[in-house]
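Please look over the sequence and the model first.

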Amino acid sequence: MSSTHYVAGIDFGTTNSAVSISDGGVPRMVQIAPNCDTIPTALFFDDTDKRIYMGELAHQRYRDPFSDGRFMRSLKRVLGTPTMLTGTQIRGRYTTFQEIIGYFIAHLKEKLDMTAGQDVGDVILGRPVHFRDNDVGADTMAQNQLEQIARNVGFRNIGFQYEPIAAAFAHERNLMSEHLALVIDIGGGTSDFTVIRLGKNLMHKQDRTDDILANTGIRIGGNDFDYGFAVDQFMPMFGLGSMYRSGDKILPVPNAPYIDLATWSAVNRAYTPHVWNLMRGVQIGAMSPEKINRMMDILENNLGHTNLDYIETAKIELSTHDKITQCFDFLSDCPTITSCVSDLVGAIKNDVGKIQNSMNACLTQAQISPTDISLIVLTGGSTQIPYVHETLCKAFPNATISDTNKMSSVGLGLAYDAVRRFL
């Protein structure tokens, strides 16, 4: 039996997740899938073969026309909410979200243990500065729920670290001098900020409390950008904002089904007999029938996540293109939709303003000015959107931008913290 003691970090993200490991040496990422150290935070409960698929395999099985089942994504956003307690129906059985998230965390632990060649019991879990905005009780509940899930799958010693602080630890080993840094971490579900002193001469300190000057965060991230973009640019093509006849009245099409289909964590709420019957009534009297027919295509064939995949792809493509045209070929009439950068900016501008306010509050809390910051550490996929990047970074004229390992720096930094705490 090996005498090596391994510790781990787990970045359970809204959109993607990662695992890191160390035996006291330089931490490294765990290959959760072939040649991949991050995987989509997604599950597919396959009704065809009764298996549960994780990550990219979950996406593939969901897209497979010969596979039926339940696709789930953005589960982190359920932590600390009433939905966490109500559960959902999967394969005709009531299933709690604690159990559902547990399947995914257990998958990460399995890959971790295989890499270590032993049962790894010590882990630092990443967490946003706020799981829930302006609700201390729900925030505490969310962390407790995640801790219990980790304990249920076999971890014994469990700690937590703010995700932006973990990202800072991952970048610190490459610094040649000491910096006053601002970490900007914009993930799928939250945007978090930390002002922290970083430097090689500081990284081996057991207690970093004095180096952390401020933390702020807000529950807005890439999923919210997808939502805003979907509602502004795409849902009108499926009937949002149109009218229908009901008897002798002309009424607006109900908003609620479109809101659910634009929200990653709520898509499955639209697949109910109530919603289908509601929209079937709209379809009968629709004044823009081709649009409502597309909506019925989505509802009848459980294509909500596929639709959001196309919308998310548009968002990503507009980071490198001024305009893109997509054929939504999963719908019967294969509509073509063109999007411009200005459409995306208009859809997310309000959310980016709120994120900017949270960042400014972090500087105020630290009692510093933007010119005091000498290093900006960027992490999280949404920092790659040019409008987001430019809006948040333009206020720091003296800062160097560090944006290496955007997708894995939080996971790597959690293992650095695990070494500090457990070894």
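Predicted model: local features only at pLDDT ≥ 70, side-chain atom pairs only at ≥ 80, totals over all residues.

Residues are numbered from 1 along each chain as its sequence is written, and side-chain values use heavy atoms, with hydrogens and water left out.

**Cysteines**

- The structure holds zero disulfides; a disulfide is a pair of cysteine sulfur atoms within 2.5 Å.
- C327 is partly exposed, at 36% relative accessible area. Here buried means under 20% relative accessible area, exposed over 50%, and partly exposed in between, with a 1.4 Å probe and protein chains only.
- C334 is partly exposed too, at 35%.

**Helix α4**

- Helices (H or I, at least four residues) and strands (E, at least two) are DSSP runs, numbered from the N terminus.
- Helix α4 runs over residues 136-152, which is 17 residues. At 1.5 Å a residue it should span 24 Å, and its end C-alpha atoms are 24 Å apart, which agrees. The expected span is 1.5 Å times one less than the number of residues.
- Which residues of α4 are buried? They are A138, D139, A142, Q145, L146, I149 and A150.
- These residues cover an arc of only 135° around the axis, so they sit on the same side of α4. The arc is that of the directions from the helix axis to the C-beta atoms.
- Their packing partners are α2 (82-86), α3 (97-116), β10 (122-127) and β11 (157-162). Contact means heavy atoms within 4.5 Å.

**Largest pocket**

- The largest pocket has a volume of about 1,100 Å³.
- Its lining has 48 residues, and F71, A266, N268, Y271 and H305 lie nearest its centre.
- Elements giving two or more residues to this lining are α1 (55-63), β7 (69-73), β8 (88-90), α6 (222-234), α7 (256-261) and α10 (304-317).
- β7 gives the most, with five residues.
- On a 1 Å grid over the protein atoms alone, a pocket is an open set of points where a 1.4 Å probe fits, with protein on both sides within 12 Å along at least five of seven lines; lining residues have an atom within 4 Å of a point.
- Grid points are joined across faces, edges and corners, and a volume is the space filled by probe spheres set on the points.

- V195 lies in strand β13 (residues 191-198). At 0% relative accessibility, V195 counts as buried.
- Beyond four places in sequence, V195 has contacts that include L180, D211, L213, C362 and I373.
- V195 and D232 are 37 residues apart along the chain, and their C-alpha atoms are separated by 34 Å.
- R420 is in helix α13 (residues 409-422) and counts as buried, at 11%.
- Leaving out residues up to four places away in sequence, R420 touches F169, M203, K205, Q206 and R208.
- S382 sits in the loop between β19 (375-379) and α12 (386-393). S382 is buried, at 5% relative accessible area.
- Apart from neighbours within four places in sequence, S382 contacts I186, G187, G222, F225 and V388.
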